[in-house]
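Have a look at the sequence and the fold first, and then read on.

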Amino acid sequence: MLTTLIYRSQLNPSCHSADLISLVERAKIRNTGLNITGVLISNGRENLQILEGAEESVVSLFHTIRADKRHFGVVELLRDYGPRRRFENVGMLLFDLQVQSQKEVLQSVLHYSKLESYLTSDDRVFKFIQTFITGKKASPTGTPFDVEKWTLSSEDLPFGEGVGLIANQFCQFALQPIVEPTEGKISSLEALIRSNDGGSPEHFFHSLDQDKIYEVDLQTKAYAFALAKKLGIGGHKIAVNLLPMSLVNVPGAVEFLVKQIRLNGLQPEQVIIEVTENEMISGFNRFNSAIKQLRAEGIGLAIDDFGSGYAGLSLLTKFQPDKIKIDREIISDIHLSGPKQAIVKSIVSCCTDMEITLVAEGIEKMEEWCWLEYAGIRRFQGFLFARPKLNGVGNINWPHLAR
Ligand code: C2E
Ligand code: MN
Ligand code: MN
């Protein structure tokens, strides 16, 4: 399976730029033979390397690299699967930040990358590269947002309207946007299941024959993708909820999803599967191979309701999703609670280091949003900004600085 591994290390002070160049020349020949791409970025003190290739080759090469005396303090940052190489198969490339400016290095790295830019914006691999090159970390704004200074104004959206159900459709979906208010951007749309009479997910799943739940849960996703197509979501991302067992128990589940995604004119990289923290823990071992398969197709994964379960941050030692959604319980009235603030600050700090995108769920008050922006969170989902809308996307309330 095509594997990406990223590590960080310290350059041994006795190893100079000239040594790096000859190292890269030799590595180029070795990597080409192994069908591995290695992108090495160095600033003279620290290195970041991205390795791409077949899993066994990458892992065994990394083993050799770790023992190399020219660097020390080797820390693995990411190990992931993907549908295709992010970089051209070039053997080995060196980018030296002592010779080229940050901007030049960033541009040349992107030049060798093969993904469309809108697909790389949330990509953890590219986020690690960008942070290393610029030395900048997303961090708390430092100055509190003053809630008095902000007002909301509603905007109509350029999505299709009033689409009906497909014949025989046995459920429907409501869409709720996840927004990045300071950028005025929709970062994705979440599809929430509804029964045909508009009932809640709980109501819908209760009405089913209990041994059909997983199969139905999986099949309904076809309607969510069809809705995205009917509304013309363009390059926007769509998030769907799924019980992990729907991927484990139903044969060919991932293949089914990929087929439905493509049938509806979407790309797998546009789709995010949300799994709640508790479901993730209880089924982790069995779910593991489904995760690999999803990643190998390019489908994103999010942990939903993070902080409501028992595993908390320790889950992240086993598995790092692309996205984490902080549970509404923690978010609610966060501006008033010291313990809640302490917990969210620690989640922000961990996710920043792991380049995991964070979303705060269930924002209902301006005060909550202001505090969360101050703490470094940029993406939000909640009634304050937009409510879920059946078979469509409702208006969004964007915050503006009042004059
Ligand atoms: P979730 O994935 O965490 O989805 C967010 C839920 O929070 C939605 O409830 C949404 O309406 C609600 N919500 C969003 N903003 C706010 C807010 O500001 N305040 C409050 N009080 N609530 C807010 P909904 O649609 O009832 O969904 C409940 C849960 O059902 C979802 O939680 C998700 O875990 C599950 N679910 C939804 N669709 C599916 C599906 O297709 N398959 C499966 N297995 N589960 C689903
Ligand atoms: Mn969800
Ligand atoms: Mn949630």
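## The paired metal site

Along the sequence, the donor residues of the manganese ion (ligand 3) are spaced D-D-x55-E. Donors here are N, O and S atoms within 2.8 Å of the metal (3.2 Å for Na, K and Ca), and water is not among the atoms, so sites may look incomplete. Before going further, please keep in mind that this is a predicted model, in which local features need pLDDT of at least 70 and side-chain atom pairs count only at pLDDT 80 or more, while totals for chains, interfaces and linings use all residues. Residues are numbered from 1 along each chain as its sequence is written, chains are lettered from A and ligands numbered from 1 in the order in which they are written, and side-chain values use heavy atoms, with hydrogens and water left out.

The ligand 3 manganese ion is coordinated by Asp304 (OD), Asp305 (OD), Glu361 (OE) and Glu361 (OE), at 2.0 to 2.4 Å. Helices (H or I, at least four residues) and strands (E, at least two) are DSSP runs, numbered from the N terminus.

Which residue coordinates both the manganese ion (ligand 3) and the manganese ion (ligand 2)? Aspartate 304 does, and the two ions are 4.3 Å apart.

How accessible are some of these donors? In the table, buried means under 20% relative accessible area, exposed over 50% and partly exposed in between (1.4 Å probe, protein chains only).

| Residue | Relative accessible area | Class |
|---|---|---|
| Asparagine 241 | 24% | partly exposed |
| Glutamate 274 | 1% | buried |
| Aspartate 304 | 5% | buried |
| Aspartate 305 | 22% | partly exposed |

## A helix pair

Helix α9 (residues 253–263) and helix α11 (residues 284–297) have axes that come within 10 Å and cross at roughly 25°. That makes α9 roughly parallel to α11 (angles under 35 degrees). The contact (heavy atoms within 4.5 Å) involves Val254, Glu255, Leu257 and Val258 of α9, together with Ala290, Gln293, Leu294 and Glu297 of α11.

## Two loop residues and a strand residue

Most residues other than glycine have a negative phi. Asparagine 35, although not a glycine, has a positive phi of about 65°. Asparagine 35 sits in the loop between α1 (17–34) and β2 (37–42), and is partly exposed at 42% relative accessible area. Aspartate 333 also has a positive phi, of about 60°, without being a glycine. The loop between α13 (328–331) and α14 (338–353) holds aspartate 333, which is partly exposed at 25% relative accessibility.

Finally, take leucine 78 in strand β4 (residues 71–81). Is leucine 78 buried or exposed? Leucine 78 is buried, with a relative accessible area of 2%. Leaving aside residues up to four places away in sequence, leucine 78 touches Thr4, Leu5, Ile6, Arg124, Val125 and Phe128. The C-alpha atoms of leucine 78 and phenylalanine 128 are separated by 9.0 Å, although the two residues are 50 residues apart along the chain.

Conventions: Axes are lines fitted to C-alpha atoms, for helices over the stretch in contact, and angles run from 0 to 180 degrees between N-to-C directions. Angles under 35 degrees count as roughly parallel, over 145 as roughly antiparallel, 65 to 115 as roughly perpendicular and the rest as oblique.
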